[in-house]
Amino acid sequence: MRILDLVRTVNCLLSKSKGRFVLTFAVAFMLANQVAASDETVPWTHAISMHGTPALAPGEPFPYANPDAPKGGTISLGVQGTFDSMNSFIVQGGWTSARGMRERQFGNNILESLMVRSYAEPFSLYGLIAQRVRMPESREWIEFELNPDAKFSDGSPVTVEDIAFSLDIIRDKGRPPYRNWYGAIVEKEITPPNRIKLVFENGDNRELPLLIALAPIFSKKNTDAENFDKSSLTPPVGSGPYTFKTIQPGRLVVYEKNPDYWARDLPVKAGFDNFDEIRIEYFRDETTLQEAFKKGLVNALQFRDPARWAKGFDFPAARDGDVVQMSIPRGVPAPMQGIAFNTRREQFQDIRVRKALRMLFDFNWVNRNLYYDLFSRTAGYWDNSELSAIGRPASDRERELLAPFPDAVAPEVMEGSWRPADADGSGRDRKVLRAALSELNNAGYALKDRKLVSEATGQQLAFEILAKNEDEEKLALAYIRTVELLGITVNVRSVDPSQFEERRTKRDFDMVFNTWYASLSPGAEQYGRWSSQSADAEGSFNFVGAKEPAIDALIDEIVGARSREEFVDAVRAFDRVLISGAYAVPLYHVSDDWVAHWTKVSPPQNNSLYGHEFDTWWTSATQ
């Protein structure tokens, strides 16, 4: 029983028998002391995990970083797009904020959190701003003890007041899913000089304490709380290893090493933050970015296009060995790349229409003619992992979870036999076309004068695909080539990345390219991607507009799972519901992480489960 529960109990007893006030108060006082004593028995530790125990003992560095990496030099990185904000945690400008302030690939250069995640494990956190942590098995609360050496870049100490402020400001003015997570804190207990205990209503969301531990920490005195939710180019003050040297809106951000960085000698930072300067330049399109890489203006670059990966290295530096290609095996599920349906649109509200259109992507033709047969077909949302439902009949536990929602999963998905339509690679497979047309007929459409029209309204089925670069446009045109054989009108609208994000955020699209990145520990982020509550929430990741009770229930099961076995069953059941809902046309994936780099920068020998991490690289010139 927690203190909040005791208060409710006392109020209940008082309402029934006011004459027993003294006795009730005494009982409550005694129980409160018991709760306090019980809390004190929860041990302090250096690390926590979602399931199981952390892999590393105190003092051990992360295995994908090189503790002996040389320091110094500059790395120049490039991204396609632009930026007009320095705050990724708000609705206004959050989608187009500057890269590199706080993210896995480019590092937590500016903003840090109480704990830091190891990307060599499914979901384990180790102390950073918090030197110790503790939480009970029930996960109804979590308590942090701050490292007394933790400082912001202006030299001021990181205090428990800064922690409370950061959680409150995003709860009140941030975007989902962050505000939902931090809004679940019902009580904050600050114990001087450097401890803060965060209490939740219950422990149903067992991932919540870990998500709180990863909250970005802002400096209270240096943050404009009143205008926090307004898009701004004012750089935040954080406790990270770098500060801002240059900000050219939409074009360039340069980070420079803070020589007084407080955590440089901590084990969790061994082998990280090796460059004196990090440059991140923005390019309008992928071709310009590729050319900058060939000229050496960009030192390292991740590749996603097989055509560029297979044929794009016939230039002098690559032939001379100054540019190296790396294929890094990933240990996490393949990302689900797809063309998402906006189910808010009238033409996509019928699942039979979505299923028919899902059939019409001729993967074999696209893979052979555009991508040198380097891709594998994507089927579900956790392919290449134990979390995937593909090829596996539902377990007894899965069927139990799905029993209240008998129509949520298609029979073939339940039995593990469903696969995406396997067209013959001609781009006009008659078998697939007939099957898709049959679904469309069932949905009330018919072919008339070579146009697929609604028998109820006489309107032709038509829609637009939103693309943000030439690669997406090329793929959309290949898809349309088959779709139009059924008398459907489809247009491609190409916009720049800024417009793309604006239209996607405002749900101003029919179909849009999207990637659902996956991990070995999916959790509360799925609320923001798929829950009914997020479907109409501004700034959420629920682009498709999913509103499905089975989805909501299964996300609850995922975040509430107490064992790895329960967790796996819940994710597989969730995968089945998403697949059966036909929310996207699944495309393809590659199991490796493709990265190329100039030899002036070097990666570590070992990599994380996710592939490359640029904040563990170093400059070769200092060796």
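I took each axis as a line fitted to C-alpha atoms, for helices over the stretch in contact, with angles running from 0 to 180 degrees between N-to-C directions. A reminder to myself: this is a predicted model.

**Entry one: a helix pair**

I looked up H18 (residues 549-560) and H19 (residues 564-580) and found that their axes come within 9 Å and cross at roughly 160 degrees. Angles over 145 count as roughly antiparallel, so that is how H18 runs relative to H19. I also noted that H18 passes H19 in a left-handed crossing.

Next I asked myself which residues in H18 meet H19. On the H18 side I listed Ala-550, Ile-551, Leu-554, Ile-555, Glu-557 and Ile-558. Their counterparts in H19 are Phe-567, Ala-570, Val-571, Ala-573, Phe-574, Val-577 and Leu-578. Sorting the residues of this contact gave me 12 nonpolar, no polar and 1 charged.

**Entry two: a sheet**

Then I turned to an open sheet of 4 strands, which I read in the order S5-S6-S8-S7 with antiparallel pairing. Which strands stand at the edges? They are S5 (130-134) and S7 (185-191); each has a single partner strand, so one side of each is left without a neighbour in the sheet. I wrote down an average twist of 20 degrees from one strand to the next.

Key: Residues are numbered from 1 along each chain as its sequence is written. This is a predicted model: local features need pLDDT of at least 70, side-chain atom pairs count only at pLDDT 80 or more; totals for chains, interfaces and linings use all residues. Side-chain values use heavy atoms; hydrogens and water are left out. Angles under 35 degrees count as roughly parallel, over 145 as roughly antiparallel, 65 to 115 as roughly perpendicular and the rest as oblique. A crossing is left-handed if the near helix is turned anticlockwise from the far one by less than a right angle, and right-handed if clockwise. Contact means heavy atoms within 4.5 Å. Ala, Val, Leu, Ile, Met, Phe, Trp, Tyr, Cys and Pro count as nonpolar, Asp, Glu, Lys and Arg as charged, and the others, Gly among them, as polar. Two strands pair if DSSP finds at least two bridges between them.
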